[in-house]
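Please examine the structure shown below.

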Amino acid sequence: MIDQGEGKPLSGKTIRSATDVGGTFTDLVFFETDEDSGLSTVRTAKTDTTPPDFDVGVLNVIEKTGTDPAGIGFLVHGTTVVINALTERRGVRVGLITTEGFRDTLEIARGNRPDFFNLHYEKPRPFVPRHLRRELPGRMSYRGEEMTPLDLSGLEDIVGDFRREGVQAVAICFLHSYANPEHERAAEAAVRSLWPGVSTVSSHRIAREWREYERCNTAVLSAYVQPVAERYLDRLRDGLHRRGFRGSLYVMQSNCGVDSLEAVSRIPITMVESGPASGVWGAAELGRLIDEPNVLALDIGGTTAKCALIEGGNVRIMTDYWIERDRKSAGYPIMVPVVDLVEIGNGGGSIAWVDDFGKLHVGPRSAGAQPGPAAYGRGGRDATTTDANLWLGRINRDYFCDGEIDADMDAVEQVITGVGERLGVSADEAARGIVRIANNNMVNALKLVSLNRGFDPRDFTLIAFGGGGGMHAVSLARELGVRKAVVPESASVFAAWGMMMSDLRRDYFVTRLADLSPDEAEGIEAAFAETESRAKADFESEGVEPGRVSCRRFGKFRYRNQEHTTEVELSEDRVTPDTVATIAAAFHESYEREYTYRLDAPVEMVGIHLVATAEVGKLKMTPQELTGESAETALKAMRPVDYAVEGVHEARIYDGVRLNPGMKLAGPAIIESPGTTIVVHPDDRVEIDRFRNVVIQVGDGEGK
């Protein structure tokens with residue numbers, strides 16, 4: 001099944017694993033390959049996430065598989081520790097040092113507030129109060145030329161004040177340091193000399209793009225979480241080492257790549273969307289395996305649903321990322337490479353509630369793992385999406401959580417009936433309403449990454465994963481006009497599988513202003529070449545030979561006098577006067593697709609984006625032979641299932657573990673696999689492909 005890449009063979013076997021810490025569950029995928037026979041064993045496991053000590057959940061899920069950590073040669077880890085520290089305000093006290101006259105950049109922020117007509121609107125409070133924001137004289141121009149020398153004479157007093165105020169981390173952000181970071185480097189060295197051991201973060205180490213507020217806020221938030229993330233990663237590494245682990249440890253980043261634990265510890269803000277990125281990357285890799293380059297990726301977990309669009313096998317990476325941004329708050333920018341996705345508070349644990357006007361809502365609040373849905377029997381008093389699916393028979397009450405939990409159907413009846421009473425309908429109607437509202441929320445999210453950006457979802461294949469992906473995939477596909485939905489093997493831990501398919505990756509963004517004209521081609525090429533040299537030097541310093549590093553080039557372009565940019569991949573190896581016209585044409589096409597028009601105006605290049613990758617032993621999947629067996633051999637039972645829209649049907653219940661490549665079946669049906677349930681609607685056709693994925697040809701729903 002799996003051809004082993006690079007790893008650490010121990011006793012004739014290579015063991016590789018990946019762990020993903022989610023809001024509700026911590027997942028593990030485990031691959032053990034016999035070096036002699038080439039046969040592989042794949043195991044998966046889930047345990048409850050254990051906040052605030054998330055490392056405990058990771059160690060628990062490894063122990064649950066019965067795996068000896070000493071035998072693991074390669075481990076990739078994805079975590080929510082950074083985003084949780086930010087949203088729950090569990091970081092450290094930060095002091096900011098910035099250019100004289102710019103201490104209020106964080107306070108001023110941006111003027112494009114979302115709640116525009118609210119006369120009482122208040123901007124989000126900065127993570128650093130004003131008395132801890134200090135200034136130093138010195139100035140660089142936007143071209144990187146020193147206008148005023150840096151004056152460090154007041155730094156000793158600033159550091160003394162910070163220490164008395166209980167500051168634990170220092171952020172440094174000077175004006176135009178993206179063009180010339182020498183002042184930041186000097187200030188950081190001086191701070192470390194005056195205060196040995198203090199956590200320091202300079203903006204140029206994270207972002208080399210312009211936009212002062214975004215870059216400053218990124219430095220602050222990185223400093224805010226750095227000690228927390230360092231302690232967490234240290235505890236995880238030490239816990240693994242105490243249990244005998246001596247293999248290679250990597251951490252999943254937000255850019256769909258992995259990096260060494262040491263590198264991520266220095267800039268932990270790069271793993272702000274660690275878990276979601278791995279799922280999206282897994283969908284892109286799976287799309288390449290099954291020859292489906294255009295994919296809508298949907299990850300439905302216990303707490304949230306995340307979706308992204310993949311065109312031509314390429315995952316879009318952006319630096320215009322914001323946390324806590326909604327209809328009433330501008331949120332906070334983080335200028336690091338993050339997979340372009342939409343995330344909503346809709347998962348299996350999302351709570352259904354009725355507002356004062358008698359309107360039903362689902363999410364964003366979640367029951368989490370403790371107490372969890374009412375069906376868990378742990379005291380949950382709110383109806384959730386999981387409870388509604390249980391009530392409708394879509395989830396098997398006798399095989400709840402793979403048979404590990406006895407579904408508390410009395411509690412489910414109580415909470416679903418309670419919602420129905422508030423709506424004035426029966427429990428059945430209330431449960432159907434919960435499922436429909438949850439589906440509608442997720443359809444809207446999928447439209448944001450497709451229709452709203454000029455893409456027709458009918459041109460894409462839906463790959464749905466996470467514990468709830470198979471539950472809702474067909475309903476969402478049918479609503480969007482998507483004709484094929486794919487639920488991967490081991491869908492419930494697919495994000496962890498995605499980590500095993502990731503390369504060592506770093507993204508380099510550099511501001512470089514130039515007209516997109518033949519005269520500027522030489523300068524643009526020089527900027528790319530310089531960045532490529534820096535990337536290979538960075539990898540080489542960590543033992544990765546330059547010959548193993550590959551680079552992809554992207555440019556950020558705009559029409560002259562516009563404010564924002566559109567990113568375009570440069571297909572040519574070099575930028576020359578002859579290739580400029582091709583690049584401009586690609587920009588015009590991309591711009592028109594997203595904004596529905598193009599301009600007859602000069603094009604400017606604003607910056608470059610270089611993606612540098614090196615393989616660290618990702619898995620190579622081998623297709624299996626078709627068995628020719630009938631799916632009837634996997635039939636478990638028949639039971640009535642309420643499909644929420646198509647009514648109640650007698651559905652055939654299949655054991656997903658016993659479904660082999662080549663088997664075919666038709667809806668109405670339910671496929672019960674470890675960690676997930678796949679709902680096959682009437683009129684749907686299903687085939688198990690050579691990689692054991694469930695491929696659903698979505699019907700038109702006319703047979704309802």
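**Strands and helices in a predicted model**

Ala669 stands opposite Val680 in E36. This is a predicted model, in which local features need pLDDT of at least 70 and side-chain atom pairs count only at pLDDT 80 or more, while totals for chains, interfaces and linings use all residues. Residues are numbered from 1 along each chain as its sequence is written, and side-chain values use heavy atoms, with hydrogens and water left out. Helices (H or I, at least four residues) and strands (E, at least two) are DSSP runs, numbered from the N terminus.

Strands of a sheet pair through backbone hydrogen bonds, either parallel or antiparallel. Two strands count as paired if DSSP finds at least two bridges between them. Strand E35 (residues 669–673) and E36 run antiparallel and are joined by five bridges. Both belong to an open sheet of four strands, ordered E32-E33-E35-E36, with mixed pairing. At its edges are strand E32 (635–642) and strand E36 (676–680), each of which pairs on one side only. On average, neighbouring strands of this sheet are turned by 25° against each other, direction ignored.

How many residues of strand E15 (residues 295–300) are buried? Six of the six are buried, so E15 is largely enclosed by the rest of the structure. Buried means under 20% relative accessible area, exposed means over 50%, and partly exposed lies in between (1.4 Å probe, protein chains only). In a regular strand the side chains alternate between the two faces of the sheet. In E15, Val295, Ala297 and Asp299 point one way, and Leu296, Leu298 and Ile300 the other way.

E15 has two pairings to follow here. With strand E16 (residues 305–311), E15 runs antiparallel over six bridges, and Ile300 stands opposite Ala305 in E16. These two strands form a hairpin with four residues between them. With strand E25 (residues 461–465), E15 pairs in the parallel sense over five bridges; there, Ile463 is the bridge partner of Ala297.

Helix H4 (residues 155–164) and helix H5 (residues 182–194) pack at an angle of about 55°, with their axes 10 Å apart. Axes are lines fitted to C-alpha atoms, for helices over the stretch in contact, and angles run from 0 to 180 degrees between N-to-C directions. In the contact (heavy atoms within 4.5 Å), Leu155, Glu156, Val159 and Arg163 in H4 meet Ala187, Ala190, Val191 and Leu194 in H5.
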